[in-house]
Amino acid sequence: MKTLILPGYSLKNIDWAKDCKKHLIGHNVIIHEWAHWKDESAKFSEKAELIEISNYFVGESKMNLIAKSIGTYISSFLVENKSNFLNKI
């Protein structure tokens with residue numbers, strides 16, 4: 001089963017996500033990297049992020065979700081639209 005980590009907005013949250021990942025031994029962990037982390041000129045777009053995140057759900061029956069800060073905001077859309085794919089939040 002996959003575990004998806006949706007970190008906080010700031011790039012410093014990558015350290016938090018990596019720390020979470022190292023404690024999830026035996027899990028297939030995906031850390032979502034926000035578009036503005038890769039391109040500083042990019043503005044945060046919940047629609048664009050949700051489209052990218054939706055790709056993680058392809059072919060999965062259930063997935064765990066860990067979120068922090070803006071990740072919890074985005075996860076609320078996932079609960080609303082992808083709840084049948086979520087195992088634990």
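Author: Ile-53 sits in helix H3, which covers residues 46–54. Helices (H or I, at least four residues) and strands (E, at least two) are DSSP runs, numbered from the N terminus. This is a predicted model, in which local features need pLDDT of at least 70 and side-chain atom pairs count only at pLDDT 80 or more, while totals for chains, interfaces and linings use all residues. Residues are numbered from 1 along each chain as its sequence is written, and side-chain values use heavy atoms, with hydrogens and water left out.

Reader: Is Ile-53 buried or exposed?

Author: Buried means under 20% relative accessible area, exposed over 50%, and partly exposed in between (1.4 Å probe, protein chains only). Ile-53 counts as buried because its relative accessibility is 0%.

Reader: Which residues does Ile-53 touch, not counting residues up to four places away in sequence?

Author: A contact means heavy atoms within 4.5 Å. With that exclusion, Ile-53 touches Leu-4, Leu-6, His-32, Trp-34, Ile-74 and Leu-78.

Reader: Where does His-32 lie?

Author: His-32 is in the loop between E2 and helix H2 (35–38). His-32 is buried too, with a relative accessible area of 0%.

Reader: With which side chain does the side chain of His-32 make a polar contact?

Author: A polar contact is a pair of N or O atoms within 3.5 Å; within protein, one must be able to donate a hydrogen and the other to accept it, and residues adjacent in sequence count only if both atoms are side-chain atoms. Here the partner is the side chain of Tyr-56, at 3.0 Å.

Reader: What is the strand order in the sheet?

Author: Strands of a sheet pair through backbone hydrogen bonds, either parallel or antiparallel. Two strands count as paired if DSSP finds at least two bridges between them. This open sheet of 3 strands has the order E2-E1-E3, with parallel pairing. Strands E2 (28–31) and E3 (63–67) are at the edges, each with a single partner strand, so one side of each has no neighbour in the sheet. E1 (residues 2–6) is joined to E2 by 4 bridges, and Thr-3 stands opposite Val-29 in E2.

Reader: At what angle do H3 and helix H4 pack?

Author: Two packed helices are described by the angle between their axes and the distance between the axes. Axes are lines fitted to C-alpha atoms, for helices over the stretch in contact, and angles run from 0 to 180 degrees between N-to-C directions. H3 and H4 (residues 70–82) pack at about 55°, with axes 11 Å apart.
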